[in-house]
Each structure stands twice: as C-alpha cells, then as structure tokens.
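Here are a few friendly notes to read alongside the model. Keep the 3D view open and find each part as you reach it.

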Amino acid sequence: MILFIVALMNSYLKQHKRLYRMNLKQVFHLVFLCCFFLGSIFFSACANPESLPDASPNPKTIVKVPSNYKNIVTWGKQYKLRSRWVQKDKKMNLYTASDVVSFEAESQKVTINDISFWISYPIKSANGTMYMHQQDISTCLEAILKPKARSQVKIVALDPGHGGKQPGAVSGKMQEKTYVLLIAQEVKRILENNGIKVVMTRSSDKYMGLSERPAYASKQNANLFVSIHLNSAASSKANGVEVFTTTPSGARSTNPDRSGSRARTAGNAYDAYNSLLAYHIQKELVDQTRMTDRGVRRDRLAVLINTKMPAVLVEAGFISNKSDQKKLLSTSERKKIANAIAEGILNYNKSISSSKSDSLSSSSNSRRNITQIDKL
Ligand SMILES: [Zn+2]
C-alpha cells in the first residue's frame, strides 16, 4: 500500500515540476505521515482483538437508552478497566488487576469474582456495549470495586435472630434461634481475637423485638450491624447461603417487597457500605463452606431499614434442606460459617482502610494477615 501511494505521488509530482522542486521534502514527509497513520489503525485493530469497541459513532445505529443508565465500558475506562465480550451483545466481562465482573444482557444478576450480586435494574445491551442503571453502578460496582475510605470498625453488633418465645425456623427438634446463637458466639470470639469489640443483641435464649435490635447497636456505638439467621422454605430442595442489605430507595427488592413502600430510609445512607460488607461476607461463606451461592440480595427487612450504621442480614443455610441441616448440626461446619462471617467483616474493614480509589480492586488478600482464625 505504501509503495502504491509513493508511486502515485511520484507520478503526480512529475507532472507538476514546480511543486516537485519546491516542496519535495515536505511532500514526502506528508506521505510518510499518511502511511504511518493508516498503518497504526490497521495494526491496533489486529493486535487487540479482545478490546470492546465503543458505542457506534454512526447516529443511524444508536439506540436510545434511558438517561439513568450508564455505559459500563465508559465507566470502566476511567479506571483503565479492560472489557471483553464473552458472547457478543449478550455477555461481557470487566477486569481490574485482580477482579472479574460478569454482566449478562437483561439480567439482574452480576457476578463479582464468581459471587452473585442481585442488582435492582436489568443490564441493557445496545450500541455495541452494555449499560447499567446508575444507582446499581454506585451501590454495586463502585461500592465493591472502588470503596471509599472510612474509619475503621472498632465495635461490631452481632444480632442472633429470634430467641425466647420466638424459635424462628423449625425443622423437627432443630430451632433456628439455638444455632444462630452458637454461630454468633463463635464470630464474637474470632473478632475479639482480632482486636474488635463485639456487642450482642442477645447472648442467651431471650426475646428481643425487631426495632430494639438496631437501637441497641446504636446505643452501644457499634460501627457495624450483622444479623444472623437461618433460612427455611416449603421446598426441601432450596439450599445455600445469602446475605441481605436493605434495598436502595426507589428500587424493587430482590424478593417481592412486603410493604410496598420504596421510600428512602435511614439505612439507605449506607447503601455502598452495606453492599461492600455483604459482598465480603458472602464471598467468604461460599469460599469456606462450599454451600450454594444464592448471592447478595436486597430487601427492606425490619432490622436493616433504619439501622444507623452499615448493616447486613446473613442467611447461613436452609434448616429445611438435608445437606445444609447436616452442616448446621456439625460443630466443625458451624465454625466454618462463623469463620467466614468474621473474615468477611475483617476483609471489609481492610478494604475501607486501604486507599483503593486508584488501584480499583476488591481483593483484599487479607487472609494471611488475620490471626487466630485458622486455630478454630
Ligand atoms: Zn430468622
């Protein structure tokens, strides 16, 4: 191609002698620049086949996307994230230095390092790229990949569900209230071994009202609130672990809303930190217990909506499922659950203390730094 252009220019210049004599150097310089420019385009396209092109610049092909949706690729580019189609227009991955986030068109589930996270609005695929609702970008992507620094957690409020006259889920002789207290006591021990003070909404088989629990945590100046429960379902097949945060304002919950109101509540002040804490606990639960990943979910639960600190509710397995029940009855398996919850809290603590706004990574790699967890 270069030779062709040079030959063409040479023939043209021979016919225009004056120009040939006067500007020969400049003209060849121009030819060189043209060739270099065309060559660069050609080679960059060949060398980087995995890169996802931006939305098409051709106005005829641009599909209008709601203004509250943002281009995921453009969002990622500001942090130098790499993007790649896994399946053109259907599945896309974003990569940080150590994390992989997977998106699927029309789905309300994204996965972050293979952990499911149920967002509030479906992902959209259009114009050769993917779009995410801006509220989900801030309460999921930014919350987990780019957490804002916050003062360290010094006091954790653990809230074993139910108690006293309220057994919670029941399966035969097995009552939820008994096992969540056992798990919470283990979490307490591990956190205290790692220098964190723990307050418990209940340390024995006593009843406490739902609104009293977050109020007690506030009174004790806790920095985090972690409620621990066990799940139950009509189908004995339902199994696995999930962690709930309160639902961001205006959005639908992952499960159908009970109250119908989607108004902003006090708990929404911590949406991003709620998500970050839920992600770290869910990741450890799945990694350490090998129970089914049901994901981080959103629901306006009574103990979460007005909690004046980052707060989550852990559902640590199904009492109504044989496989989960077996684990919950085993002391060593319960310790794994407790270990995972504690380690999730410690990883959260680490992620808000390190300056990650530049590095953009959710992987704290903090396991090596946590003492005494493996001694359980
Ligand atoms: Zn419960």
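1. **What you are looking at.** Please keep in mind that this is a predicted model. The chain contains 9 helices and 16 strands. Of its 376 residues, 40% count as buried.

2. Find helix α4 (residues 134-145) and helix α7 (residues 271-289). Their axes are 8 Å apart, and the two helices pack at an angle of about 55°. How are α4 and α7 placed relative to each other? With that angle they are oblique, because angles between 35 and 65 degrees are neither roughly parallel nor roughly perpendicular. The crossing of α4 past α7 is right-handed.

3. **Who touches whom there.** On the α4 side, look for Ser138, Thr139, Cys140, Glu142, Ala143 and Ile144; they meet Asp271, Ala272, Ser275, Leu276 and Tyr279 of α7.

4. **The buried side of α6.** Which residues of helix α6 (residues 212-219) are buried? They are Arg213, Pro214 and Ala217. These residues lie on the same side of α6, because they cover an arc of only 95° around the axis. Now look at what lies over them: the cover includes the strands β9 (155-160), β12 (197-200), β13 (224-231) and β16 (311-318). After α6 comes Asn221, which has a positive phi, near 60°.

5. **One residue in its surroundings.** Finish with Ala184, which you will find in helix α5 (residues 176-193). Is Ala184 buried or exposed? Ala184 is buried, because 25 other C-beta atoms lie within 10 Å, and the cut-off for being buried is 20 or more. Leaving aside residues up to four places away in sequence, Ala184 touches Leu158, Pro160, Met200 and Ile228. Take Pro160 as an example: Ala184 and Pro160 are 24 residues apart along the chain, and their C-alpha atoms are separated by 6.1 Å.

Note on methods: Residues are numbered from 1 along each chain as its sequence is written. This is a predicted model: local features need pLDDT of at least 70, side-chain atom pairs count only at pLDDT 80 or more; totals for chains, interfaces and linings use all residues. Helices (H or I, at least four residues) and strands (E, at least two) are DSSP runs, numbered from the N terminus. A residue is buried if 20 or more other C-beta atoms lie within 10 Å of its own, exposed if 12 or fewer, and partly exposed in between; C-beta atoms are placed from the backbone. Two residues are in contact if their C-beta atoms, placed from the backbone, lie within 7 Å. Axes are lines fitted to C-alpha atoms, for helices over the stretch in contact, and angles run from 0 to 180 degrees between N-to-C directions. Angles under 35 degrees count as roughly parallel, over 145 as roughly antiparallel, 65 to 115 as roughly perpendicular and the rest as oblique. A crossing is left-handed if the near helix is turned anticlockwise from the far one by less than a right angle, and right-handed if clockwise. The arc is that of the directions from the helix axis to the C-beta atoms.
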